[in-house]
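Colleague: I would like to go through this model step by step. Please show it first, and then I will ask about its parts.

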Amino acid sequence: MRVPVDDSVLVRGRLAVPAGARGVVVLARGSDSSLQSPRLAQTASLFQAMGLGTLLMDLLTSEEMEERRTRQLRFNVGLLGMRMAGAARWLQREPLTAGLRVGYFGSHTGAGAALAAAAFRPDQVEAVVSRGGRPDLAGAVLPKVQAPTLLLVGGADTLGLDINRRAYEALRAPRRMDIIPGATHHFQEDSELEQVATLAGEWFLQHLGAPRDDAEEAASP
């Protein structure tokens, strides 16, 4: 489907909402097409099996991916973050997902975009997970993130460990960093991806919880 991320921009997305979903997660890779990433698609499928809806989305339009300025757009975390926030806004209006809390799952530059989106619009997101990503790209806005944040890093990713440790120190929200032993930046093994999906899924289930309508009814006198 085409996801409206602002008044004039549509990006490609794939929405799946299992029956009784306990939340919905926006998954984005950032620098390349999310829909063409088999590892991200596999993670989305594992989330669905855990009872989470998923929106797998590109952060750049097809035209932007083909243009020479793509390299600049890929690292424009402010722009990518606003598009991720726009997707969350759309999910809150979409009939299939309107009652569900939203989480962000970002890999590569998508991690920076997810954290930037959480800082820009804290009212639209309840939890963030970064997988082997570049949370440091969110830069000065990291202390403004309010959503509980989980950083997942491969134990064999020396550069990623340093980047994520610095981002962890900059965050002021509830946060945790888990290291996947032996994994590289790409988390190539199926067992590594399953471990990532389990840790991330549990994080989302913990912080997204029940649909908003159910939570409001439970809280009513």
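Modeller: In the largest nonpolar core, of 41 residues, the members that touch the most others are Val26, Leu55, Met57, Met84, Leu91, Tyr104 and Val128. A nonpolar core is a set of buried Ala, Val, Leu, Ile, Met, Phe, Trp, Tyr and Cys residues joined through side-chain atoms within 4.5 Å; buried means under 20% relative accessible area, with exposed over 50% and partly exposed in between (1.4 Å probe, protein chains only). This is a predicted model, in which local features need pLDDT of at least 70 and side-chain atom pairs count only at pLDDT 80 or more, while totals for chains, interfaces and linings use all residues. Residues are numbered from 1 along each chain as its sequence is written, and side-chain values use heavy atoms, with hydrogens and water left out.

Colleague: Which element gives the most to this core?

Modeller: Elements are DSSP runs numbered from the N terminus: helices (H or I, at least four residues) and strands (E, at least two). Those giving two or more residues to this core are β2 (10–16), β3 (24–28), β4 (53–57), α4 (77–93), β5 (102–107) and α5 (109–120). With seven residues, the element that gives the most is α4.

Colleague: Which residues is Leu91 in contact with, leaving aside its neighbours within four places in sequence?

Modeller: Contact means heavy atoms within 4.5 Å. By that rule, the partners of Leu91 beyond four places in sequence are Leu15, Val24, Val26, Leu55, Thr97, Ala98 and Val102.

Colleague: What span does helix α7 reach from its first C-alpha to its last?

Modeller: The expected span of a helix is 1.5 Å times one less than its number of residues. Helix α7 (residues 190–208) has 19 residues, and 27 Å is expected. Close to that value, the span reached by α7 is 26 Å.

Colleague: In what order do the eight strands form the open sheet?

Modeller: Two strands pair if DSSP finds at least two bridges between them. The edge strands, β1 (2–4) and β8, each pair on one side only, and the pairing in the sheet is mixed. The order is β1-β2-β4-β3-β5-β6-β7-β8.

Colleague: What angle does the direction of α7 make with that of β6?

Modeller: Axes are lines fitted to C-alpha atoms, for helices over the stretch in contact, and angles run from 0 to 180 degrees between N-to-C directions. α7 packs on the sheet, touching β3, β5, β6, β7 and β8. Its direction and that of β6 make an angle of about 170 degrees.

Colleague: Which residue follows α7, with a positive phi?

Modeller: The phi of this residue is near 65 degrees. The residue after α7 is Gly209.
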